[in-house]
Amino acid sequence: MPKRVDHQERRREIAEALFRIAAAQGLQAVTLRAVAAEAGISMNLVQYYFPTKEAMLRFAWQRVVELTGEIAGKTIGEAMKTGDERAIVRAYLTAVLPDGERRRMLAAVQIAYFAVDVTRGSQDPDQEPLLPHLVHAIAGLLRAAQEKGAVPARLDPLLEADALATMSAGLVTGIMVDAYTAERASEIVDYRLDGVFTGVR
C-alpha cells in the first residue's frame, strides 16, 4: 500500500525550512524555491501546499504563534497553579525570553516578520499581533492583585501592563543581540515587578 501522507505535517516541515532561512537571512531571502531547497523537496511540492509565497508566509506566522504559545503555555500553566498573580505575570514576561536554540530561532523569525512590518509602516492584517493578548492578560492579573492589596490602587493596570509587555519585548531583542543573557533579563523582570507588587514582599 502507498504511504499515507500527513499533509499538515508536511506543511509544518515546509514552515520549519522557512524558519531556518528567515532566522538566518530575514524574510527577504524567503522564496518558494529557496524553501524547497532548504526542505529538500521539489518546488512543485511546495507549490502544492502553498500556491504563493504569501500563503506560505501566512501559514508560517500562524505556526510561529502556535509554537510560541505551546512553549510559553507550559511555564504559565505551572505559575497559574500557584494562584499568585505576581508569579503568573512573571511567567508571562519570562516565558517569551529566548533561552535556548529553539526559542532563539523562533524569536529571530518573529523579529524578521516585524522588520518587514517596520519597513512597510504597518502590520500585516493577516498576522494576528501577539502583544495585545499579553497586555490584556497582564492587566487582568494586575487588577486582581490590586483587589488583594498586592498592587497599589494608584497604579493604572493597563498602562503598567503595556509598560511590562513592552519591556519584555525589548529584552527579547536584547538577548538576541547578546546585550543581555536570559538570566540577566529575568533579573530585570524581577526588579521591575518588585516595584509593582509592593504589597507582596
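Guide: Let's take Met-43, which sits in helix H3. Helices are DSSP runs of H or I, at least four residues, numbered from the N terminus. This is a predicted model: local features need pLDDT of at least 70, side-chain atom pairs count only at pLDDT 80 or more, and totals for chains, interfaces and linings use all residues. Residues are numbered from 1 along each chain as its sequence is written, and side-chain values use heavy atoms, with hydrogens and water left out.

Visitor: Which residues does Met-43 touch?
Guide: Leu-32, Arg-33 and Ala-36, leaving aside residues up to four places away in sequence. Contact means heavy atoms within 4.5 Å.

Visitor: Why is Met-43 called partly exposed?
Guide: Because its relative accessible area is 24%. Buried is under 20%, exposed over 50%, partly exposed in between (1.4 Å probe, protein chains only).

Visitor: On to H1. Which of its residues are buried?
Guide: Ile-14, Ala-15, Glu-16, Ala-17, Leu-18, Phe-19, Ile-21 and Ala-22.

Visitor: And what covers the buried residues of H1?
Guide: The cover includes helix H2 (32-39), helix H3 (43-49), helix H4 (53-80) and helix H6 (101-120).

Visitor: What follows H1?
Guide: Gly-26, with a positive phi near 90°.

Visitor: New topic. What does the lining of the largest pocket have by class?
Guide: There are 20 nonpolar, nine polar and three charged residues. Nonpolar means Ala, Val, Leu, Ile, Met, Phe, Trp, Tyr, Cys and Pro; charged means Asp, Glu, Lys and Arg; the others, Gly among them, are polar.

Methods: Helix = DSSP H or I, 4+ residues; strand = E, 2+ residues; numbered from the N terminus.
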